[in-house]
Amino acid sequence: MPELMYREALNQALAEEMERDANVFLIGEEVGRYNGAFKVSQGLLDRFGSARIIDAPISELGFAGMSVGAAMVGLRPVVEMMTWNFAILAMDQIVNNAAKLRHMSGGQLRCPIVFRGPGGAGGRLSSQHSQALEANYAHFPGLKVIAPATPADAKGLLKSAIRDENPVIMFEGERLYALKGEVPEGEHVVPIGKADVKREGTDVTIITWSRMYYFCMEAAEQLAKEGISAEVLDLRTLRPLDEEAILASVRKTNRVVIVEEGWALAGVGASVVDIIQSKAFDDLDAPVERVTGLDVNMSYAANLENATQPDAPKIIAAVKKVLYREGA
Amino acid sequence: MASPYSKELLLTMYRKMYLIRRFEERAGQQYTLGKIAGFCHLYIGQEAVAVGPNEAIRPDDYMLSAYRDHGQPLARGSDAGMVMAELFGRGTGYSKGKGGSMHIFDIEHHFYGGYGIVGGQIPLAAGMAFASRYRNEDRVTVCYFGDAAANQGAFHETFNMASKWKLPVIYICENNRYGMGTAISRTSAVPEIYKRAAAYGMRGEPVDGMDCLKMYEAVKDAAAYCRAGKGPVLLEANTYRFRGHSMADPANYRTKQEVEEERKNDPIPKLRDYALKQKLAEDAQFDAIEEEVKAQVDAAVKFADESPEPSLDELWRDTIVAEGEEDVRPRERVLGMKVTNWPKYPSGQELKVTWDLEPREQAEQADKKAGLSR
């Protein structure tokens, strides 16, 4: 299997879907002649032309709404948000229009559109550029939300998102784009709504998504050296949540740690805890632990920035807590 | 001078304006009876702004509006009973009672909805026009919004894109002088909305929104301009609502004299007088139309009142489109009618995109001029 960078996998997915379907177009800031702020759209302008790879003005609400309108009449826009921080300006169009068109029209309209871009900490960019905002979108009926961690999942989920008949919100990661991983060749589609056991284990389940996945894998490997077998469940989709996969893993290991880059209050992890306590309470041998971003705004200083985010040592500590091996 | 308008056109316009007037009067009455709830924004006084433009465009052109949205679908030809049923929150409404007064959608008649967030539909219209250019169709999109929406970011962001990309969209600002209870002149540095088009290199004109024929002419001309690929147009229809912002608004921020004065400018008798003066129609014809419309609206109210509420299992429908799920065609669903003009879009395999939004040659010349090499 060829190894690709996360950004290359996304690029492949875009190119393949645009090749397959002329209704698909990409719009966003710097996607065309600049080849993408993070080079996801590298080479696509030359290949597909300026009506299908569109350099937008810095008007997030404007071009998001314009794309929703195009989707209402049969096109399939992919809207690149340079980062999800900037998409806050477009939230009205995403939430009040895209997510509600099917409903308001009583089933007359559909809105097949993808909003995608990097979320999470940027790396020494301070608070306006470093936020994990997926919980906001996971809140809304009418949307689907995906947050792949690996290049293979990035490609497969983006292809599914473009083919989906609903608005799909895709969280990528500024610090994921250059990561490499194996990506299957040819038609590779990952279904929306399916979590993936990325590492099998028996003692504890670590549930996560997006960039935190890598810290969880690092923690799991270290734990293995101490004889603790951790299962890592990558949710991949945050709306709808894969309840079946969550409960199956909980029933297997009886102990759970949920790792989330964003803030704890009203986070996606809180909803996962809710599913577990209401449907698998008797399977638990310990209260569920959460490792989240600290309840503060992100700082620029390296030490403060690092301390704000989850990392492998914090995850290991949480695992030991649910195993009652604190200080062991 | 002989009138350039046919008798048929004038009578059609009269019928539609009278239908809107009558429909809205009855809607207001039903609101006070408790049959309609929530927000209910009446179109009384503004009828010419919906009817003139509709007669000037093709039935397959796209149209959308804000939340004062009963007038446009009625002008387009929507079923009055099903619009009323939507206001009543009944399952036989266009949106099964899920949208209500502010969200009338009738896709069969190419009416793409009423939107409740001020200015939120402005970018949507540009996107629909974008799709028309993308598919190389000569369709235009007509988008209504109120005067207060011109102070939203959506207005400015969209106008910039629509003009830059020469999108075939006609924006009609319905300037009824008040954003809810606040006079537009109190909140706007430039209260003449049409002037703002100039900032985006775009055509912008004021129109007498109390005159159906002037609205007709303005949109006919704008549509030809759009279809010729010359870009978007902003028309500021100066109009007046005879009633409050919504049924909940007693409109104490306007004087009685002001409203009385504006009522003299009523677009409905104005059109009738014109036709009579031109000897294109007689009183008896107008009286007959009025009787027919009254009966039509009575039947609409009866239909709505006798219709059931939506079934509770509707709660779980129309949030997410399931795989293979078809779109709902309201008149087929409610009246069992065969809907033949439901929009069809080319598949991604049939479609050939020929539009060059930013021609390569142009881009290369700009690079050369700047001393860049790519």
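Reader: What makes B:Leu312, B:Leu315 and B:Trp316 a nonpolar surface patch?
Author: Patches are built from residues with over 30% relative accessible area and no salt bridge; like charges are joined within 9 Å and nonpolar side chains (Val, Leu, Ile, Met, Phe, Trp, Tyr) within 5 Å. B:Leu312, B:Leu315 and B:Trp316 together make such a nonpolar patch of about 480 Å². The areas come from the Shrake-Rupley method with a 1.4 Å probe, and for residues only the protein chains shown count as cover. Please bear in mind that this is a predicted model: local features need pLDDT of at least 70, side-chain atom pairs count only at pLDDT 80 or more, and totals for chains, interfaces and linings use all residues. Residues are numbered from 1 along each chain as its sequence is written, chains are lettered from A and ligands numbered from 1 in the order in which they are written, and side-chain values use heavy atoms, leaving out hydrogens and water.

Reader: Why is B:Trp316 called exposed?
Author: Exposed means over 50% relative accessible area, buried means under 20%, and partly exposed is in between (1.4 Å probe, protein chains only). B:Trp316 has 77%, so B:Trp316 is exposed. This residue sits in the loop between helix H11 (283-306) and helix H12 (330-335) of chain B; helices (H or I, at least four residues) and strands (E, at least two) are DSSP runs, numbered from the N terminus.

Reader: How do you know that chain A is as compact as a globular protein of its length?
Author: Chain A has twelve helices and 14 strands. Its radius of gyration is 20 Å, close to the 20 Å from the globule rule for 328 residues, so chain A is as compact as a globular protein of that length. The radius is taken over C-alpha atoms, and the rule is 2.2 Å times the number of residues to the power 0.38. Of the 328 residues of chain A, 63% count as buried.

Reader: Why is the pair of A:Tyr6 and A:Tyr177 called edge-to-face?
Author: Rings of Phe, Tyr and Trp (its six-membered ring) pair if their centres lie within 6.5 Å; planes under 30 degrees apart count as stacked, over 60 as edge-to-face and the rest as tilted. There are 22 aromatic pairs over all chains. For A:Tyr6 and A:Tyr177, the centres are 6.0 Å apart and the planes at 70°, so the pair is edge-to-face. A:Tyr6 belongs to helix H1 (residues 6-20) of chain A, and A:Tyr177 to the loop between strand S7 (168-173) and strand S8 (180-182), 171 residues apart. A:Tyr6 is buried at 0% relative accessibility, and A:Tyr177 is buried at 1%.

Reader: What makes B:Arg21 and B:Asp266 a salt bridge?
Author: A salt bridge is a side-chain nitrogen of Lys or Arg within 4 Å of a carboxyl oxygen of Asp or Glu. B:Arg21 and B:Asp266 meet at 2.9 Å, N to O. B:Arg21 lies in helix H1 (residues 7-32) of chain B and B:Asp266 in the loop between helix H9 (256-263) and helix H10 (267-277), so the pair ties together parts that are 245 residues apart in sequence. Both B:Arg21 and B:Asp266 are buried.

Reader: Why is B:Glu205 called partly exposed, and B:Arg203 buried?
Author: B:Glu205 has a relative accessible area of 25%, so B:Glu205 is partly exposed. B:Arg203 has 18%, so B:Arg203 counts as buried. These two residues form a salt bridge, their closest N and O atoms being 2.6 Å apart.
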